[in-house]
Amino acid sequence: MRTISIESNGRIEKTAVYLNGEQIAGIKELLLSIDEEGIFNAIISFTTSSGTVLTKQLFTDDLSQLQRREAAFSEDEAMDLRSLAVESDGTLDNTSVFMNNEFIDGIVSIMVHIMIDSVQKRGNVFSKIFSKNQSYSETRFLSEIVLRNLDGSESIESIF
């Protein structure tokens, strides 16, 4: 079983991703989509230390080429962040979800999508002359959880 943990305040600059307690680096994209109807997508794209971009299943593939790094936040800084942890072997039946170290029951679905990508800017001759930087960053950070309430209704909440 692996555990993927995300600490954040809802802003990409204040987000850290951990695999089994070790902070990972070089993430290009992280998609975690789990639904009680059987949808289970847990995919990570990352840059290896040699510069190769790989895409792997988070809970079932070999992730030995993932780059590790020192923790970005001190314990005091982490206190101001929310945390989501998913422990799984890659099957829905053997998956547990924790928010701020508390087990969450009644989950209908979870969606976390983090994407950090630099894209070449397309432009004309004039934009190339007057622009110093020819690339921009396309960043996405979506996170929501749908919970079943005691009365059977559903509520949608932001995770971070």
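Predicted model: local features only at pLDDT ≥ 70, side-chain atom pairs only at ≥ 80, totals over all residues.

Visitor: In what order do the seven strands of the open sheet stand?

Guide: Strands of a sheet pair through backbone hydrogen bonds, in either a parallel or an antiparallel manner. Strands here (E, at least two residues) and helices (H or I, at least four) are DSSP runs numbered from the N terminus, and two strands pair if DSSP finds at least two bridges between them. In this model the order is S7-S3-S2-S1-S8-S9-S10, with antiparallel pairing. Strands S7 (67-68) and S10 (102-103) stand at the edges with a single partner strand each, so one side of each lacks a neighbour in the sheet.

Visitor: What is found at S10?

Guide: S10 pairs with strand S9 (residues 95-99) in the antiparallel sense over two bridges. Phenylalanine 103 in S10 stands opposite phenylalanine 98.

Visitor: How many salt bridges does the structure hold?

Guide: A salt bridge is a side-chain nitrogen of Lys or Arg within 4 Å of a carboxyl oxygen of Asp or Glu. The structure holds four. One of them joins glutamate 22 to arginine 68 (3.3 Å, N to O). Glutamate 22 lies in strand S3 (residues 22-25) and arginine 68 in strand S7, so this pair ties together parts that are 46 residues apart in sequence.

Visitor: Which parts does the salt bridge of glutamate 36 and arginine 148 tie together?

Guide: The side chains of glutamate 36 and arginine 148 meet at 2.7 Å, N to O. Glutamate 36 lies in the loop between strand S4 (27-35) and strand S5 (40-47), and arginine 148 in strand S12 (residues 135-148), so the pair ties together parts that are 112 residues apart in sequence. Glu36, Arg148 and Glu154 are linked in a network of salt bridges.

Visitor: Is glutamate 13, which forms a salt bridge with arginine 11, buried or exposed?

Guide: Buried means under 20% relative accessible area, exposed over 50%, and partly exposed in between (1.4 Å probe, protein chains only). Glutamate 13 is exposed, at 52%, and arginine 11 is exposed as well, at 51%. Their closest N and O atoms are 2.8 Å apart. Arginine 148, at 37%, counts as partly exposed.

Visitor: Which residues gather in the patch of negative charge?

Guide: Patches are made of residues with over 30% relative accessible area and no salt bridge; like charges are joined within 9 Å, and nonpolar side chains (Val, Leu, Ile, Met, Phe, Trp, Tyr) within 5 Å. Asp and Glu count as negative. On the surface here, Glu75, Asp76, Glu77 and Asp80 form such a patch. Glutamate 77 is placed in helix H1 (residues 75-78) and is partly exposed, with a relative accessible area of 35%.

Key: Residues numbered from 1 in each chain as written. Heavy atoms only, no water. Areas by Shrake-Rupley, 256 points an atom, 1.4 Å probe, with all protein chains shown as cover. Charge placed at Lys NZ, Arg CZ, Asp CG, Glu CD.
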